[in-house]
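Here is a short briefing for a reader meeting this structure for the first time. Please keep the sequence and the model at hand while reading.

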Amino acid sequence: METYEVEKIDYDVRIEREFQLLMDELVSLPQQERKDISRAFNFARQAHEGVKRKSGEPYIFHPVAVARIVVVEMGLIDPVSIMCALLHDVVEDTRYELADMEREFGHKVREIIDGLTKISGSIGLVNNLAESYSNQAENFRKVLLTISNDIRVVLIKLGDRLHNMRTMGVMRQEKMLKKTSETLYIYAPLAHRLGLYAIKTEMEDLALKYSQPAVYNQIQQKIRESQAEAQAYIDRFIIGIRHQLDPTNLQFEVKSRFKSVYSIYSKMLRKKVPFEEIYDLYAIRIILDAPEDEEKQACWYVYAMLTSRYKPNPKRIRDWISVPKANGYESLHTTVLGPEGKWVEVQIRSKRMDYVAEKGIAAHWKYKEDETTREGVINHWIGQVREILENPSLDALEALREFKENLQPDDVFVFTPKGEMLRLPNRSTVLDFAYKIHSNIGDSAIGAKLNNQVVTLDAVLRPGDQVEVITSRKQRPQEDWLRNVKTARAKNAIKNSLRRQRKEDVEKGKRIFKWRARKYALDEQHPYIKELLAYFMVPSMDEFYLRLARKQVNVGKITDFISLKEEGKEISSEYIEEWERRHDGMRKRYQDQELDSGLLEMGTDQNLDHYVIADCCNPVRGDEILAYSQGDGVIIHRTSCEVAIGFSSQHGDRIIRAKWSKDPQQEVTFLTSLKIVGVDKQGMLAELIRVITMLMKLNINKVTIETQDGLFEGLFHLYVSNTQELEEAIERLKTLPHVYTVSRASAKAQPFDFDRG
């Protein structure tokens, strides 16, 4: 009893201290508004009395922390936002209702808390693993419609998710994986789109820390090891900048920052290079104190001064001053060749631009006198999101996908022949453009004139392109078009068209079959049908009709089959068995194992042949892995796989924790891939193959190699037993003369572009 009283007093002191730290940030607010915030705090404290978080702390610590994030890290200093942050879990977790919120704190507070409660309680971004993805998406569609009513709903929810990520260390592993996947899939891109870069960066780092702790710690250690040398170089570079700008009488400050762990990790994956080959680990920021009407001129003046001293890379200039990003971000970015021949990224912006960049959309509560430029782009995006979510022609899944597409910040602007400007996601193609205009234009597109040059439908659009779509009435959408489009709108239109085509072809095939079999009264209920499907090796009658219409089935063989049956001959049992084996799919052999226990142990009494090793990431024994149930089978991914991360967020109910057994009962090899870069000299390929096959005793599946400018890049697909064997191969190959780098790559890696960035 005495211990409880001591703990209670200690927590009371800490709670008061945390709330006072929040109030210290609000000294600029009128006294009455500060009283309203204190009243909301006391109400939330009383409502959550006796409830503890998983860490053992009283629950009230969480809403106070969220309120501080909203105020300090987002710059959202208005009493309604702060009260809602303090009260955001009251309706969901306690006996109080929305009517109580309105009675105590007014209609606006009720409206925002209603939106927050719906996000927390309804959408699939919670820990309800049993909810289907389609339900998640449909709820997500409904909830996100609140964005257009009050963006503070989303801002407070981001603060809530950030604090949950900061305190996630006490959760079970499967809960961590679900949360980190959601964060990477939705919350971090949403924070990015709203300009909350610091929050987005921390979310990504925390997601990596909890989902792949070994990778996170390894990169963090390498950053620490290289930081002193890098900081010394930055200091020398900044001295050069000051030497150039001090005589100009400009008021400025120079800051530097290192890349986040997650951004380095992402670049290592994207470029397929080790940490040592990531050269732009830091960036310099020049912040000018200039009047708003002189900001652009001052930024370009500094750019001219900077590039007169250091040679710029013409391919790496980004002008977001003349045309701000969709989230209101303004800055001038360039990359220059600094001392010792090292490339350095430099960002040039004003104090106002820097404030908006740091605080994101919340900064518009402070800077809102010119709504056509800064708030206008945000309102434009919110309008786009609302249009997507209200579109009755999109099903819930497509709405969610298209919403995520709209989170991407790097849109491209292209033009029709008449000069109309269209906005499309980065890396969109001519086909995306065609479907953006109209689905009929997309369905009949055969090519385009891109800046008066004839191109194919998969040509990627660049900012400022002028596009004229070429159509033909004979054209029909093809299945492979889905690989050539970026936007969900185009994908949805293509899928709808393919479904229509399939339905028409099935009906056509049915007519052909009826005509051929008219003499024999053969229809879908006839006892011969199962044997017919086995004879033609098709899974269903619809598939049979489809192949018949598309001339993939020999029409004459229908008569042959009927003749066999009329003569009393049976279709061989081998045919039937092969058909069942081919079309029944994998059996649910893993059901005997207690999957509900939450852990699938690979390589014990199960034969790995009953599982699918995902070829998007090719896990090897020793990798951290996840399993997903799909149909009748189980698919194994590495936890670092981007496909797995997206899948975890969308299909959380199908996650199965998995690990490799310590003592496998069978020897299995796994296909993996190594990317090797080095000097192109005679006999190099033979030497690499000799080391892999003769010295390392590994089998090679395939080799792809390209050379350019005296260098080679090779992709070696080979079989290994575990990660230890793989790492030994990497280290052994690194010791060869004239080999620069050896790194793990996807087995589906494509030919190289020799991009050294």
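The model is predicted. Its largest nonpolar core has 55 residues. It holds 13 aromatic pairs. The salt bridges come to 25, and the disulfides to 0.

**Nonpolar cores**

- In soluble globular proteins, nonpolar side chains tend to be buried together.
- The largest nonpolar core here counts 55 residues.
- Inside that core, the residues with the most contacts are I37, M74, I82, L86, L87 and L158.
- A second core is separate and has 47 residues. Among them are I234, F237, I264 and V346.

**V70 in helix α3**

- V70 belongs to helix α3, which covers residues 61-73.
- Is V70 buried or exposed? V70 counts as buried because its relative accessibility is 0%, and the cut-off for buried is under 20%.
- Beyond its neighbours within four places in sequence, V70 touches G75, L76, S81, A85 and I156.
- V70 and I82 stand 12 residues apart in sequence. Their C-alpha atoms are 7.2 Å apart in space.
- I82 is also one of the residues with the most contacts inside the largest nonpolar core.

**Aromatic pairs**

- The structure has 13 aromatic pairs.
- Y11 and F61 form one that is edge-to-face. The centres are 6.1 Å apart, with 65 degrees between the planes.
- This pair links distant parts of the chain. Y11 lies in helix α1 (residues 2-24) and F61 in helix α3, 50 residues apart.
- Y11 and F61 are both buried.
- F43 and Y96 form a tilted pair.
- F43 has a relative accessible area of 13%, so F43 is buried. Y96 is at 13% relative accessibility, so Y96 counts as buried.

**Charges over rings**

- The ring of Y96 has a charged neighbour too: the charged end of R95 sits over it, 4.4 Å from the ring centre.
- The charged end of K342 sits over the ring of Y233. The distance to that ring's centre is 4.8 Å.

**Salt bridges**

- The count comes to 25 salt bridges.
- R39 and D36 form one of them, with the closest N and O atoms 3.7 Å apart.
- How far apart are R39 and D36 along helix α2? They are 3 residues apart, so about one helical turn separates them.
- R39 is partly exposed, because its relative accessible area is 35%.
- R352 and E292 meet through their side chains in another salt bridge, at 3.8 Å from N to O.
- R352 lies in helix α15 (residues 351-359). E292 lies in the loop between β2 (282-288) and α14 (295-309). The pair therefore ties together parts that are 60 residues apart in sequence.
- R352 counts as buried at 7% relative accessibility, whereas E292 is partly exposed at 37%.
- R349 forms a salt bridge with D354. The closest N and O atoms are 2.9 Å apart.
- R349 is buried, with a relative accessible area of 1%. D354 counts as buried as well, at 9% relative accessibility.
- Salt bridges that share partners join E292, E295, E330 and R352 into one network.

**Cysteines**

- A disulfide is a covalent bond between the sulfur atoms of two cysteines.
- How many disulfides does a search of the whole structure find? The search finds 0.
- C299 counts as buried, because its relative accessibility is 0%.
- C617 is at 8% relative accessibility, so C617 counts as buried.

How values were computed
Residues are numbered from 1 along each chain as its sequence is written. This is a predicted model: local features need pLDDT of at least 70, side-chain atom pairs count only at pLDDT 80 or more; totals for chains, interfaces and linings use all residues. Side-chain values use heavy atoms; hydrogens and water are left out. A disulfide is a pair of cysteine sulfur atoms within 2.5 Å. Buried means under 20% relative accessible area, exposed over 50%, partly exposed in between (1.4 Å probe, protein chains only). Helices (H or I, at least four residues) and strands (E, at least two) are DSSP runs, numbered from the N terminus. Contact means heavy atoms within 4.5 Å. A nonpolar core is a set of buried Ala, Val, Leu, Ile, Met, Phe, Trp, Tyr and Cys residues joined through side-chain atoms within 4.5 Å. Rings of Phe, Tyr and Trp (its six-membered ring) pair if their centres lie within 6.5 Å; planes under 30 degrees apart count as stacked, over 60 as edge-to-face and the rest as tilted. A charge sits over a ring if NZ of Lys or CZ of Arg is within 6 Å of the ring centre and within 35 degrees of the ring normal. A salt bridge is a side-chain nitrogen of Lys or Arg within 4 Å of a carboxyl oxygen of Asp or Glu.
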